[in-house]
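Q: I have just opened this entry and would like to go through it step by step. Could we begin with the way the chains meet?

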Protein chains: 2
Amino acid sequence: MNSEKKAPSKPVDSVVTLEQVAKLAGVSPSTVSRILNGTATVSEAKQETVQRAIRELGYRPNPVARGLAGGRTLSVGVVTQVISSPFYGEALLGIERELERAGYVPLFVSGNWHEEDERKALQTLLARRVDGVIVLAGRIRDEELLQMSDTVPIVVVGRQLQGPRLFSFAFDSRTGARLAAQHLIEQGHRRIALITGDMIHEDAVDRHQGYVDALTAAGIPIEPELIVPGDYNEASGMLAVNRLIDHNIRFTAVFACNDQMAFGAALGLSRRNLRVPDDISLVGFDDVVMARYTVPPLTTVRQSVYEIGAEAAKAMLGMLRGETPRATPPPPELLLRDSTRRISR
Amino acid sequence: MNSEKKAPSKPVDSVVTLEQVAKLAGVSPSTVSRILNGTATVSEAKQETVQRAIRELGYRPNPVARGLAGGRTLSVGVVTQVISSPFYGEALLGIERELERAGYVPLFVSGNWHEEDERKALQTLLARRVDGVIVLAGRIRDEELLQMSDTVPIVVVGRQLQGPRLFSFAFDSRTGARLAAQHLIEQGHRRIALITGDMIHEDAVDRHQGYVDALTAAGIPIEPELIVPGDYNEASGMLAVNRLIDHNIRFTAVFACNDQMAFGAALGLSRRNLRVPDDISLVGFDDVVMARYTVPPLTTVRQSVYEIGAEAAKAMLGMLRGETPRATPPPPELLLRDSTRRISR
DNA sequence: TTGTAGGCGTTATCAA
DNA sequence: TTGATAACGCCTACAA
């Protein structure tokens, strides 16, 4: 009946100003602003008139102007490390989805695991007047973050530090790693190689510790020669097994501290004619999408990076609302797939 | 000697305004602005004084204010489809790196392969006053993009359409696919299964066509039963091979239209006790990072998504500079790895 | 409850 | 070549 009805998703554009809305509604700009922000109580009548005007004109507030006026920019900065990694990708997705529901837009900037880059990234974000910042791990020092947090609220993922406007939470990597190692032990493995992450990451340290926990609990001595350093990239996983084999170090299982290194390890093993899981059992960590599709599918520790991202975003939104944020990162969980096997003899 | 020397990467913050710089330099704000933007010629002397003041104060222009003042926001919107996919991740990296060199920041928004989401994404970007928009494939109609392009310059990747302020370029998928199929044919394969992408993507159509080209050129008839639809995700690759096998369709090789489906196919084949490449040869497309690390490593068509992203960004920067953009997407290239084998009998 | 006026940091237009 | 001055679109006292 009414041609307005179908509202064929208005043409992609946006030039209507708050002032125009005010004029159409017959009120002052401030009133419109107040309604938009819930800054003050406005009479029911005007509420409606204005809302109608907004709809009619298809008005959308201009975040740029808002930002300048000292209000919010409705944007949250996100310092990621490598935007293209399967790991961070999932997290970013979680962040984006969650922020979007509240009308916020993420501003992603890469830190490249490089302190100076990270600092630059943070400066860029501040200059852009983001309302808050989410930092995914990274190398920048705690004090700097802390200091920055009195300019803008911050959520840090993967570290432990607190401040009045700084909230952090971490996934329980240590328990996760313990589960992984425990599983191998239960399968009868005793000589379990560990491919660590770069120890500059807190979670790399935690995962190493989880491995130690499990072995110790089982009364298995820690053999330093079985522990080889990696850097969370595929190549380092491959290098690691090569090194073990070249040094004639015996092992029946490998625990790689993330999936990417596990993939590299799998390839390295196969190049040396060692089959997974028949000859060597292999466990990863993270459960990136690809872990489900390797041959054989990889047993790994589920970390639900997506949810972690979503939690971070929720915490940020909470802070922005003035609440005390809390986050409940999903508990680690071992996913049994086909890359491990009970030791035969 | 001079404590200024070390410049311990100034504290993360930014509150200095252009006005303060002007005052310190003893000139008017407009002059400072002119120097910053090269809008007009300024005397050498003032140039230097101002530059020094800028350095001294650690001044950084406020992009938000710039945006409002009708100037540029120094941000470029990017409509991606799934930010977490290994494919788009690489492209985004290329875009980010390239933009950063010019002082621009990307604003990533996901389209989720959903027309309405894409429209919303575009609106969000416009509302944020981005200086330009890069669209990676997507479903929004050409006319809409064209119309939008007189509000803001646009670069579209993976489609062919032209406009005064709209530039598009596409990777040569057809040739790439032909190379892949040709390779299998040269290895003696005749019954080559094809797992297509969702035909809503232009490149899926092109890759299908490249397959047809190669077979036709070799005088091999196209068998519809060998062509099974996929959707570019791992799961569909697995489903596809299952379907082929369940229907008792004979084939000695599989060409999956992207790597992710190839991974799924590899797993599906292994579940049916078919080995790659001994029993079945497998080729993918894209060369995502993981293709190098599967067991066996995947023969695939290199697309250098990173470079494509970088090219898109360069083209955008060109338009922003008022130049006529041009892009030279890297030519397709077949990467021989270990997932194919000459047919024995 | 509502309107007016000033300001946020820059750019752009006009004179000088 | 330079400096006032007026926007840009919105928010927030302050006043009514």
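A: In this predicted model, 49 residues of chain A are in contact with 49 residues of chain B. Two residues are in contact if their C-beta atoms, placed from the backbone, lie within 7 Å.

Q: Which element gives the largest share of the side of chain A that touches chain B?
A: Helix H6 of chain A does, with 7 residues. Among the other elements giving two or more residues are helix H5 (86-101) and strand E2 (105-110) of chain A. Helices (H or I, at least four residues) and strands (E, at least two) are DSSP runs, numbered from the N terminus.

Q: And how do the residues on that side of chain A divide?
A: They comprise 24 nonpolar, 15 polar and 10 charged residues. Ala, Val, Leu, Ile, Met, Phe, Trp, Tyr, Cys and Pro count as nonpolar, Asp, Glu, Lys and Arg as charged, and the others, Gly among them, as polar.

Q: What about numbering and confidence limits?
A: Residues are numbered from 1 along each chain as its sequence is written, while chains are lettered from A and ligands numbered from 1 in the order in which they are written. As the model is predicted, local features need pLDDT of at least 70 and side-chain atom pairs count only at pLDDT 80 or more, whereas totals for chains, interfaces and linings use all residues.

Q: Turning to chain B, what is the strand order in its open sheet of 6 strands?
A: The order is E7-E6-E8-E9-E10-E11, with mixed pairing. Two strands pair if DSSP finds at least two bridges between them.

Q: Why is one side of E7 and of E11 left without a neighbour?
A: Strands E7 (227-229) and E11 (333-335) of chain B stand at the edges with a single partner strand each, so one side of each has no neighbour in the sheet.

Q: How do E10 and E11 of chain B run?
A: They run antiparallel and are joined by 3 bridges. B:Thr300 stands opposite B:Leu335 in E11 of chain B.

Q: Which helix packs on the sheet?
A: Helix H8 (residues 173-186) of chain B does, touching strands including E6 (192-196) and E8 (253-256) of chain B.

Q: Last topic: which domains does chain A have?
A: Chain A is divided into domain 1 (18-61), domain 2 (71-171 + 305-320) and domain 3 (173-302); the bounds come from an automatic or database domain assignment. The centres of domains 2 and 3 of chain A, taken over C-alpha atoms, are separated by 30 Å.

How values were computed. Axes fitted to C-alpha atoms, helices over the stretch in contact; angles between N-to-C directions.
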